[in-house]
Amino acid sequence: MTAVLPPGTPAVQGNHLISTSPASGDEAGRVPVATAVDVERAVERARAAGQWWAGLGFTGRRERLLRWRRLLAQRMEQLAALMHAEGGKPIADALVEIVTTVEHVDWAARNARRVLGPRRVRSRLVLAEFSAHLEYQPHGVVGVIGPWNYPVFTPIGSIAYALAAGNAVVFKPSEYTPVVGQWLVDSFAEVVPEHPVLAAVHGLGDVGAALCRSGVDKLAFTGSTATAKKVMAACAESLTPVLVEAGGKDAMIVDTDADLDAAADACVWGAMTNAGQTCIGIERVYAVEPVFDAFVDKVVERAGRLTVGPDHADIGPITMPSQLDVIRRHIEDAVARGGRAVLGGPDAVRPPYAHPTVLVEVPEEAAAVREETFGPTLTINRVRTADEALARANALPYGLGGSVFGQRRAVAIARRLRSGMASVNSTLTFAGMSTLPFGGVGESGFGRIHGEDGLREFARAKAVTRRRGRSLLPSTTFERTEADVSRLVKAVKLLYSR
């Protein structure tokens with residue numbers, strides 16, 4: 001007897017991947033499954049396309065990327081409806097995701113020349129007879145393995161920057177949102193029909209592994225820490241460089257002088273948006289003793305008003321059905337260890353939905369504190385001081401983002417968070433800031449997308465020197481004399497011994 005898969009579970013039938021809604025089970029679409037040979041051929045085609053794309057120069061690429069940006073903006077409602085049908089994301093959340101995406105495409109297109117273009121670099125004394133030049137050249141073909149939770153914003157954070165830098169891209173969307181991924185590729189082909197500069201390969205984990213081994217010149221991965229380690233191992237076989245954005249367990253610190261209404265509002269948004277399926281979502285809060293009770297009350301009041309359902313709700317279904325078991329396990333473990341559910345609890349998990357849950361007084365060793373939950377749940381623990389909160393926030397191996405609410409010490413505390421990013425008196429805002437780099441430390445990964453660092457991530461620095469005159473202090477020649485070396489030594493001592 002054939003087992004019935006939960007709605008939203010990817011299914012391969014013949015040579016197609018079938019994508020269904022996690023809420024209704026209705027088919028959202030189907031895409032062809034790639035074999036390892038298909039992946040290799042896609043990379044080969046991309047390599048030829050990439051040479052043409054790089055040859056367009058910054059001006060040609062900018063013009064085409066801005067046309068893509070315009071198309072994305074014009075078709076926002078269409079794309080949001082597809083995101084809702086395939087992944088269950090509420091339409092409003094989908095639209096916000098696309099708005100942020102459009103901003104990043106625009107910034108990457110407009111700033112690539114400034115950040116990556118050739119420039120002259122100042123020479124130094126020892127080689128003063130040479131001029132120095134620096135430029136950033138594209139890698140060639142970049143592989144991108146995208147996630148399902150933000151199927152537009154997250155992969156385009158790599159794709160747009162890689163394209164702006166002059167690379168071709170082979171994109172493997174998540175098997176939970178392949179139709180959205182294909183839509184992105186098809187829309188780009190409308191504005192760049194000449195060559196397959198952006199191509200998609202579809203399938204399960206084996207297709208991602210094939211992309212790692214396909215000969216791409218760099219690979220950008222977003223997903224769990226466990227899968228990131230497998231990706232790195234596969235790429236290590238050919239010394240393919242990787243960019244990794246892995247899991248997170250982001251914390252918020254609420255200090256004594258915080259605006260509690262603003263903190264509670266941002267906390268609920270940071271924890272519950274996209275049904276909590278956010279790598280930079282707030283999953284832990286440490287509130288200092290004097291404001292703890294009032295803050296918890298405000299969070300519970302706001303989270304308790306959120307609606308849950310398939311349409312026109314604040315919180316949609318959990319996109320990956322197996323994650324429901326993780327959410328339930330974390331809540332049950334927290335309660336079993338002495339934590340209290342002041343909103344929701346174990347019964348809040350009602351497939352395909354997880355209703356908002358707020359847990360307090362949860363021991364630090366509990367799974368809900370130490371492991372990524374990826375659901376609309378939140379632990380809030382009492383601390384004596386902001387320093388204690390900081391120590392607890394930094395105790396985990398993750399280090400993606402974080403948030404601090406307060407006035408006098410907030411910025412100083414944010415700087416001490418062991419994370420790649422932090423927001424002061426807000427949550428998640430660094431993700432939408434196209435001028436800032438995005439990425440983590442520790443088990444949250446390494447490398448950066450977005451901003452100037454994101455552009456440089458998809459290019460390699462090329463240094464060029466050029467002789468412009470006779471050497472006054474010859475050193476890099478066997479024709480040098482003892483007197484030449486003596487003068488060189490005296491010059492360096494005179495300059496650097498002060």
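Where is the place of Ser-426? In this predicted model, Ser-426 sits in the loop between β19 (423-424) and α15 (429-432); helices (H or I, at least four residues) and strands (E, at least two) are DSSP runs numbered from the N terminus. Residues are numbered from 1 along each chain as its sequence is written, side-chain values use heavy atoms, and hydrogens and water are left out. Because the model is predicted, local features need pLDDT of at least 70 and side-chain atom pairs count only at pLDDT 80 or more, while totals for chains, interfaces and linings use all residues.

Ser-426 has a relative accessible area of 17% and is therefore buried (buried means under 20% relative accessible area, exposed over 50%, and partly exposed in between, with a 1.4 Å probe and protein chains only). With neighbours within four places in sequence left aside, Ser-426 is in contact with Ser-403 and Phe-405, where contact means heavy atoms within 4.5 Å. Another loop residue, Glu-361, lies between β16 (357-360) and α12 (367-370). Glu-361 counts as partly exposed, since its relative accessibility is 39%. Its C-alpha atom is separated by 5.0 Å from that of Gly-339, a residue 22 places away along the chain. Not counting residues up to four places away in sequence, Glu-361 touches Gly-338, Gly-339 and Arg-340, and also Ile-380, Asn-381 and Arg-382.

Attention now turns to a pair of helices. Two packed helices are described by the angle between their axes and the distance between the axes. Helix α3 (residues 76-87) packs with helix α6 (residues 178-191) at an angle of about 160 degrees, and the axes are 9 Å apart; here axes are lines fitted to C-alpha atoms, for helices over the stretch in contact, and angles run from 0 to 180 degrees between N-to-C directions. This angle makes α3 roughly antiparallel to α6 (under 35 degrees counts as roughly parallel, over 145 as roughly antiparallel, 65 to 115 as roughly perpendicular and the rest as oblique). From α3, the contact is made by Gln-78, Leu-79, Leu-82, Met-83 and Glu-86, and from α6 by Pro-178, Val-179, Val-180, Trp-183 and Leu-184. By class, this contact has eight nonpolar, one polar and one charged residues; Ala, Val, Leu, Ile, Met, Phe, Trp, Tyr, Cys and Pro count as nonpolar, Asp, Glu, Lys and Arg as charged, and the others, Gly among them, as polar.

Beyond residues up to four places away in sequence, Leu-82 touches Ala-28, Val-179, Val-180 and Trp-183. Leu-82 and Thr-177 are 95 residues apart in sequence, yet 9.6 Å apart in space, C-alpha to C-alpha.

The largest pocket has a volume of about 980 Å³. Its lining comprises 39 residues, and those closest to its centre are Trp-148, Phe-221, Gly-223, Ser-224 and Thr-227. Two or more lining residues come from each of α7 (205-212), β9 (218-222), α8 (225-236) and α11 (323-336), and α8 gives the most, with six residues. The lining of this pocket divides into 18 nonpolar, 14 polar and seven charged residues. On a 1 Å grid over the protein atoms alone, a cavity is a set of points where a 1.4 Å probe fits but cannot get out, a pocket is an open set with protein on both sides within 12 Å along at least five of seven lines, and lining residues have an atom within 4 Å of a point. Grid points are joined across faces, edges and corners, and a volume is the space filled by probe spheres set on the points.

The structure also holds three cavities of 30 Å³ or more. About 80 Å³ of space lies in the largest cavity, which is lined by 16 residues, with Gly-87, Gly-88, Lys-89, Asn-274 and Thr-319 nearest its centre. That lining has seven nonpolar, eight polar and one charged residues.

Some backbone details complete the picture. Most residues other than glycine have a negative phi, and most peptide bonds are trans. Asn-274, in the loop between α9 (260-272) and β12 (282-288), has a positive phi near 55 degrees and is buried, with a relative accessible area of 4%. His-312, in the loop between α10 (289-303) and α11, also has a positive phi, of about 55 degrees, but counts as exposed at 87% relative accessibility. A cis peptide bond, with omega of about 5 degrees, joins Pro-351 and Pro-352.
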